[in-house]
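User: I am new to reading protein structures. Can you take me through one, feature by feature?

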Amino acid sequence: CSIFAYNSRLDSIQAIVANHLLKKIDYITESRIKNAAKYDENLSAIKEITIPARSNNIKQVYHIYVIRAENREELKVFLNNNGIDAKIHYPVPMHLQPASKIYGYKKGDFPVAEKICKQVISLPVHEFVTDEQIEYVSSKIKEFYNWRLSS
């Protein structure tokens, strides 16, 4: 992020797609919530994984499904090599973005944010992910950490 700004323009094609998706918004939202709950259940026992705390009074839609993972870089490569679209969203905390330079922040000013940025990984959670695919992703994460423990 080189400058803080807004980009809120919507061209005609995007408006057509958005209008189409709005008709299915309840299905999309509920699918993502259901998928995230399955991941939470499947991954919660893995000690190398931290699932963010969930609040009962907040309905989270899960634009992305993010967990914190030990050995995140190796896990991402392992998942990608096994056909899983795991990604690193937002690897640089806001205070270290070029746009924040004007505020004088430096590495170490927000150590928790910096630590979390080195641990987060996103897993597929969209409405097209099947239960079988979630099980596959979960099994591969379990396989990775069992391998890490035995090597």
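**Reading the fold step by step**

Analyst: Start with burial. Of the 151 residues in the protein chain, 30% count as buried. Keep in mind that this is a predicted model.

User: How many helices and strands are there in the protein chain?

Analyst: List the elements before you look at their packing. The protein chain has five helices and three strands. From the N terminus on, they run α-α-β-β-α-α-β-α.

User: In what order do the three strands form the sheet?

Analyst: For a sheet, read the order and then the direction. Here the order is β1-β2-β3, the sheet is open, and the pairing is antiparallel. The edge strands are β1 (49-50) and β3 (120-123), and each pairs on one side only.

User: How many bridges join strand β2 to β3?

Analyst: Four bridges join β2, residues 65-69, to β3.

User: Which strands does helix α2 lie across?

Analyst: Look for the strands a helix covers, then for its angle. Helix α2, residues 25-43, lies across β1, β2 and β3. It runs at about 20° to β2. Helix α3, residues 72-81, also packs on the sheet, touching β2 and β3. The direction of α3 makes about 20° with that of β3.

User: Which residues in α2 are buried?

Analyst: First the general idea. An α-helix has 3.6 residues a turn, so residues three or four places apart point the same way. Now the case here. The buried residues of α2 include Ile28, Arg32, Asn35, Ala36, Tyr39 and Leu43.

User: Why is Ile88 called partly exposed?

Analyst: Check its area against the cut-offs. Buried means under 20% relative accessible area, exposed means over 50%, and partly exposed lies in between. Ile88 has 22%, so it is partly exposed.

User: Which residues does Ile88 touch?

Analyst: Leave out residues up to four places away in sequence. Ile88 then touches Arg72, Lys76, Val120 and Ile121.

User: What share of the contacts with a separation of 6 or more comes from residues 24 or more positions apart?

Analyst: In the protein chain, that share is 72%.

Key: Residues are numbered from 1 along each chain as its sequence is written. This is a predicted model: local features need pLDDT of at least 70, side-chain atom pairs count only at pLDDT 80 or more; totals for chains, interfaces and linings use all residues. Side-chain values use heavy atoms; hydrogens and water are left out. Two strands pair if DSSP finds at least two bridges between them. Helices (H or I, at least four residues) and strands (E, at least two) are DSSP runs, numbered from the N terminus. Contact means heavy atoms within 4.5 Å. Axes are lines fitted to C-alpha atoms, for helices over the stretch in contact, and angles run from 0 to 180 degrees between N-to-C directions. Buried means under 20% relative accessible area, exposed over 50%, partly exposed in between (1.4 Å probe, protein chains only).
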